[in-house]
Amino acid sequence: MIHRHVLNSGLRVMLEEISSVRSVTIGIWVGAGSRYENERNNGVSHLIEHMLFKGTKKYTARQLAERFDSIGGQFNAFTSKEYTCYYAKVLDEHFPVALHLLSEMFFHSLLDEQELEKEKQVILEEIRMYEDTPDELVHELLAKASFGTHPLGASVSGTQEALLAMGRDDLLAFMQQAYTPENTVVAIAGHIPSNALQLVEEAFSQFSTSHEPFTTEKAAFSRQTIFHPKETEQVHLCLGYPGLALVDERLHTVSILNNVFGGSMSSRLFQRIREDHGLAYSIFSYHTAHLEEGLFAVYTGTSPEHSSSVLAMIKEIVEEIRVHGITDEELNKAREQIKGNLVLSLESTNSRMSRLGRNELLLGKHWSVDELLEKLNRVTREEVHAVAREIFASPPAFAVVGGGMTLDNLQRSFSTIMVDGGNGI
C-alpha cells in the first residue's frame with residue numbers, strides 16, 4: 001500500500017510498506033539535473049551530488065562512510081538529466097541512523113573550498129574515463145546529436161571549462177533554487193518503522209521556503225550527425241529517433257515496440273544482425289522518456305568494414321516494422337517479458353523506492369502493479385504499429401565513435417540507406 005503525505009513545508013513523503021522484508025530503502029529525490037543548467041554551469045547538479053558526501057558540520061567524509069559501514073548499510077547517489085537522488089538501504093532497525101545521516105548530508109554539507117577543488121579533479125577523471133569508453137561516449141554524443149544546444153543535449157557530468165570555473169557560491173545559488181521543499185520528495189520502501197513519518201518531519205523541519213522555480217523549454221529534435229574519431233578496433237554507432245514523453249499514455253506501447261525491435265535477445269535486431277549474420281557482439285535499442293520529450297535509440301559496435309551492412313540491416317528492420325507492424329506472436333512474447341521484468345524488479349526495496357520517488361517527483365501520480373499489468377494487456381498490434389509509424393517517420397540523428405573510417409565515408413554510408421520520401425533508416 002502506498003501512502004502520500006505532504007508536510008507543512010510542502011515536502012512530499014511517499015511510503016510503501018513491504019512487511020515481508022527486513023530492509024528499508026530511503027531516497028531523497030530533488031528535481032535538479034542537467035536539463036535545468038546552462039552552458040556556464042553545466043555539471044553543477046552532479047558536482048553538488050559529489051560534494052554532499054565530502055563532510056558535514058558533524059561528520060567528516062570518512063566518518064560518514066564509517067557510520068554507514070558500521071550499520072551494514074549501502075548509501076550512494078546519482079544525477080540524471082532531470083533529477084538527483086541520494087539514497088540508503090539498511091536493516092529496518094537502523095532506519096533512524098540512516099535517515100539522520102542522509103539529512104545531515106542534505107542540510108549541513110560544508111561544501112568546503114579545498115574539497116571542492118579536489119572533487120572537480122575527481123569528476124574530470126570520471127569524464128576522461130567515459131571518453132576512454134567508446135560504447136559509453138557514443139550515447140552522450142547521441143543526446144547532443146538529437147537535442148542540439150538544448151540542455152538535454154549536454155552531459156550530466158558537465159564540461160571541463162564549466163567545472164573549473166565554478167565556485168562554492170555557484171553551488172549554493174543553484175541549491176537555493178533547486179533544493180526546496182516543493183522540488184523534493186522523500187521516498188521510503190520496505191519494512192518501515194511505525195514512527196517513520198514523525199522522524200522525517202523532525203529531520204526535515206528546517207527546510208526553507210521555496211524560491212523561484214526552474215523553467216525549461218521543450219527540446220526540438222535536431223537530427224545532427226556527430227563523428228568522434230578515435231583509435232578503436234570497432235566503430236560504435238548510435239541512431240536516435242524522436243520518442244515519447246513521460247506524460248504520454250502510450251509509453252507501454254513503445255516499450256513493446258522496443259522489446260520487439262531490439263530490446264531483447266529474441267528481438268529482430270539481435271537475431272538478424274548478431275545471430276544470423278554475426279556482424280556485431282552488442283546490438284540493442286532502448287527508449288528514454290523525459291518530461292516533454294523522448295528518445296528511441298539504437299546502438300551497435302561493429303568493425304568499420306561491416307558498418308554499412310549493419311546500417312542497411314537496421315534500415316530493413318525499421319522499414320519492416322514501419323510498414324507492416326509486428327506479429328501477434330511478437331506482441332504476446334514482448335508483453336509477457338515486460339510484465340515478468342516489471343514484477344521481478346519490484347521485489348527489491350531499491351526498485352520500489354525509485355519507482356515511488358521518480359513517479360511522485362516527475363508525474364505526481366502512481367499506479368499499482370495490477371494497473372500497470374492491465375495497461376500492458378490492453379496494448380494492441382494496431383497501437384504498436386501506429387507508434388512505430390510515428391517514431392520512424394523521418395531520418396534519425398547519428399552519433400559515431402571509432403577509427404578506420406572518415407566522416408565522408410560514414411556520410412556516404414548513411415546516405416545510401418536513407419529511405420526516399422523522408423522516412424528514416
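## Close-up views of a predicted model

**View 1. A network of salt bridges links R268, R272, E316, E320 and E330.** A salt bridge is defined here as a side-chain nitrogen of Lys or Arg within 4 Å of a carboxyl oxygen of Asp or Glu. By this rule the structure holds 28 salt bridges. The model is predicted, and local features need pLDDT of at least 70, side-chain atom pairs count only at pLDDT 80 or more, while totals for chains, interfaces and linings use all residues. Residues are numbered from 1 along each chain as its sequence is written, and side-chain values use heavy atoms, with hydrogens and water left out.

**View 2. An open sheet of six strands has the order β1-β2-β6-β3-β5-β4, with mixed pairing.** The edge strands are β1 (2-6) and β4, each of which pairs on one side only. Averaged over the sheet and with direction ignored, neighbouring strands are turned by 15° against each other. Helix α1 (residues 44-51) packs on this sheet and touches β4 and β5, and the direction of α1 makes about 165° with that of β4. Strands (E, at least two residues) and helices (H or I, at least four) are DSSP runs numbered from the N terminus, and two strands pair if DSSP finds at least two bridges between them. Axes are lines fitted to C-alpha atoms, for helices over the stretch in contact, and angles run from 0 to 180 degrees between N-to-C directions.

**View 3. Strands β3 (residues 23-30) and β6 (residues 184-190) run antiparallel and are joined by seven bridges.** Within this pairing, V24 stands opposite G190 in β6. In a regular strand the side chains alternate between the two faces of the sheet.

**View 4. D92 and R22 form a salt bridge, with the closest N and O atoms 3.0 Å apart.** D92 lies in the loop between β5 and α3 (95-108) and R22 in the loop between β2 (12-17) and β3, so the pair ties together parts that are 70 residues apart in sequence. D92 is buried, at a relative accessible area of 11%. Buried means under 20% relative accessible area, exposed over 50%, and partly exposed in between (1.4 Å probe, protein chains only).

**View 5. S80 is found in the loop between β4 (74-79) and β5 (84-91).** This serine counts as buried because its relative accessibility is 18%. A polar atom of the S80 side chain lies 3.2 Å from the backbone nitrogen of E82. Residues up to four places away in sequence aside, S80 touches G33, S34 and V156; contact means heavy atoms within 4.5 Å.

**View 6. The side chains of R128 and E125 meet in a salt bridge, at 2.7 Å from N to O.** Both residues belong to helix α4 (residues 113-131), and because they are three residues apart, about one helical turn separates R128 and E125. R128 is partly exposed at 33% relative accessibility, and E125 is partly exposed at 47%.

**View 7. A salt bridge joins the side chains of D132 and K230, at 3.8 Å from N to O.** The two residues link distant parts of the chain, 98 residues apart: D132 sits in the loop between α4 and α5 (134-147), and K230 in the loop between β7 (225-229) and β8 (235-242). D132 is exposed, with a relative accessible area of 59%, whereas K230 counts as partly exposed at 22%.

**View 8. Helix α8 (residues 196-203) contains L199.** The relative accessible area of L199 is 18%, so this leucine is buried. Apart from neighbours within four places in sequence, L199 is in contact with F95, P96 and L99.

**View 9. Five strands form an open sheet in the order β7-β11-β8-β10-β9, with mixed pairing.** Strands β7 and β9 are the edges, each pairing on one side only. Neighbouring strands of this sheet are turned by 15° against each other on average, direction ignored. Strand β7 and strand β11 (residues 397-402) pair in the parallel sense over five bridges, and A399 in β11 is the bridge partner of I226. Helix α9 (residues 251-261) lies across β9 and β10, running at about 170° to β9. Helix α11 (residues 307-324) also packs on the sheet, touching β8 and β10, and its direction makes about 25° with that of β8.

**View 10. A hairpin joins β9 to β10 through four residues.** Strands β9 (residues 283-289) and β10 (residues 294-302) pair in the antiparallel sense over seven bridges. The bridge partner of I283 is T300 in β10.

Terms used. A polar contact is a pair of N or O atoms within 3.5 Å; within protein, one must be able to donate a hydrogen and the other to accept it, and residues adjacent in sequence count only if both atoms are side-chain atoms.
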